[in-house]
Amino acid sequence: MAAPLVLRLYIAGNSASSRRAQQNLERLRASVSSKGWDVEIIDVLTRPDLADRAGIIATPTLSYEDGPRSRRIVGDLSDTKRILEFMGIEGDHA
Amino acid sequence: MTAQDSGQDGDQETEISSVLERVRTGVDAFDELVMGGLPRARTTVVGGTPGSGKTVFATQFLAHGIETFNENGVLVTFEEPPADIEANMSGFGWELAKWRKAGRLAFVDASPPSTDELVIGDFDLEGLLSRIMHAARSVNAKRVVLDSLTQLFDHFISDPKILRRELFRISTALKKAGLTVLMTAERNSEYGEITRHRLEEFVADNVVILRNLLYREKRRRTIEVLKMRGSHHAEGEAPFTLLTGRGVVAIPLSSLRLEQQSSTVRVTSGNSAIDEMCGGGFFRDSVTLVSGATGTGKTLLVTNFLAGGVEAGERAILFGYEESKGQLFRNATGWGADFARMEAEGKLKIVCLYPEAQGLPDHLLTIQALVDEFKPNRIAVDSLSALERIAPETGFREFLISLTSFIKKREIAGLCTATSKSLVGGESASEQHISTMTDSIILLRYIQEQEIMHRGLMVLKMRGSEHAKEIRRFTIDGAGMHLGEPFSRAPNVFRE
């Protein structure tokens, strides 16, 4: 069993796109037969230092490590199909 | 009535508070163009083609704040990582790494990440803004640079609408925090759209353009203020140069004020007969132009001017652009002036340069630096025509204005030469340019009288003084220049 994938979602307080991204991420998580995702929510307004360390420019940004590579999805995560394609995950929802 | 009164009071208050405090950039001549500096808590977009000096100008703005005003800064870099910028800018004498460690400068590294990225759906740039604000708080910054916005736009190329909205928001937030913001943006061409993504319309209170043109195989760099919201600025392109150890050094132009006082003290021209024609010599803080065809005796007048000054106990400096030092010394010896001895005694300094060795702005800076170092009482430039050869017309005029203004400000006597193109009579472009800028003009001309070619000298103009109006013959021999009788029937060769 591989360790669960750690997903970091950088959001900006209570903005509309940040709320949507969180909801969409929950939906994604439920729809995929994942081995389990560890989701960490980071608010750049309260933790700008973490945003700086990660080099975050846009919010929301979903960031995770894929092997040696770091991958990012910028936006409110509304386009489930393309996001799953990008992550290389086959969804059950189809 | 009372309401009206209070209304007026209110207006007055607004007026007072609307006088914008200025933030000096460290480019003195530029600050002059914009009435003392960039307005505080405003956003200025600096546009320029690649290599036009945007990053240098922006970094200088931060460096000057840190070094001179104790105003710390934040540098947001979208293009190069901070380490590269620190290395690149060290050549200009700015110790970014040291300032960073001392908590006076903070970087926000927004250079492109080496990650796979998908941009899809709505987003904002709160991540960037929160990092900038965090960095600004951490060093208590007063100045912020974003270099360059174009990279940011290219990063989110498919969402220009979001980008514009977000940039406007960032600009507003930074201004609200009292930060003076300078953003750079790339241009595609020197004359055309202001910036590639037309950012200035969305974020800029002020727009400044840096240009880097190739003219007759020479680089000509200029800086122009295009727009200053709510305040005046000088119009036109001011030339500048990038100097090791100093950064952007601009040449003041249109802001030039004729504030130098006019002296009534006379100094010798080095030739008593010419002194007499000028009503007792040149004025101490005046610039005289000697114009004539090749071989009429311009360099001889220069030699007399220098030697006469040294004899009178003054210090003299010559900038020669036509002949080598050896040639000048030989010439002088031939006319009875011992330049080598004068230089050995520290009374004279001869500087010979190839006009092509550097651009005109650099020539001007060289002259200024050496004059301020040597502190002469008089200066000669031989010849302006040699310098004119390397410059575009506008550049030369700017150079002349700056040079004559500098000479007058230092209250030293100046003598410049210009070569007329035709041997007999005629005029040169330098004459046209300079005749209004110099205080006095002496013309040297060949004059044909029947079968014989004579030389003639005339004082054409002498600001603030009476002068002789006649055309005097003169001869040149081993002892120098000898003025003789006026021509009685000279042909009309002394056109201005």
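Predicted model: local features only at pLDDT ≥ 70, side-chain atom pairs only at ≥ 80, totals over all residues.
**The interface**

Where the two chains meet, 29 residues of chain A are in contact with 25 residues of chain B, and together the chains bury about 2200 Å², of which 57% lies on carbon and sulfur atoms. Within the area that chain A buries against chain B, 30% is supplied by Ile57(A), Arg72(A) and Val74(A), which is more than any other three residues give.

The interface also holds 3 salt bridges and 15 residue pairs in polar contact. On the side of chain A that touches chain B, the elements giving two or more residues are helix 1 (16-31), helix 2 (48-54), strand 4 (69-74) and helix 3 (80-87), and strand 4 of chain A gives the most, with 6 residues. Sorted by class, that side of chain A has 13 nonpolar, 7 polar and 9 charged residues.

Strand 4 of chain A runs parallel to strand 6 (residues 116-119) of chain B, and 4 bridges join these two strands. Arg71(A) has Asp116(B) as its bridge partner in strand 6 of chain B, and Asp116(B) also forms a salt bridge with Arg71(A), with the closest N and O atoms 3.4 Å apart.

Over all chains, the count comes to 34 salt bridges.

| Salt bridge | N to O distance |
|---|---|
| Asp205(B) and Lys175(B) | 3.0 Å |
| Glu356(B) and Arg389(B) | 3.3 Å |
| Arg472(B) and Glu470(B) | 3.5 Å |

What does the pair of Asp205(B) and Lys175(B) tie together? Asp205(B) lies in the loop between helix 9 (200-203) and strand 9 (206-215) of chain B, while Lys175(B) lies in helix 8 (residues 160-176) of chain B, so the pair ties together parts that are 30 residues apart in sequence. Asp205(B) counts as buried because its relative accessibility is 3%, under the cut-off of 20%, whereas Lys175(B) is partly exposed at 23%.

Glu356(B) and Arg389(B) link distant parts of the chain, 33 residues apart. Glu356(B) is in the loop between strand 17 (348-352) and helix 14 (360-374) of chain B, and Arg389(B) is in the loop between helix 15 (384-388) and helix 16 (393-409) of chain B. Glu356(B) is partly exposed at 40% relative accessibility, and Arg389(B) is partly exposed at 46%.

In the remaining pair of the table, Arg472(B) is buried at 15% relative accessibility, while Glu470(B) is partly exposed at 29%. Chain B also contains a network of salt bridges that links Glu21(B), Arg40(B), Glu71(B) and Arg143(B).

Key:
Residues numbered from 1 in each chain as written. Chains lettered and ligands numbered in written order. Heavy atoms only, no water. Contact = heavy atoms within 4.5 Å. Buried area = accessible area lost by both parts, 1.4 Å probe. Salt bridge = Lys/Arg side-chain N within 4 Å of Asp/Glu carboxyl O. Polar contact = N/O pair within 3.5 Å; in protein donor to acceptor, adjacent residues only side chain to side chain. Nonpolar A, V, L, I, M, F, W, Y, C, P; charged D, E, K, R; others polar. Pairing = 2+ DSSP bridges. Buried < 20%, exposed > 50% of the residue type's maximum accessible area, 1.4 Å probe, protein only.
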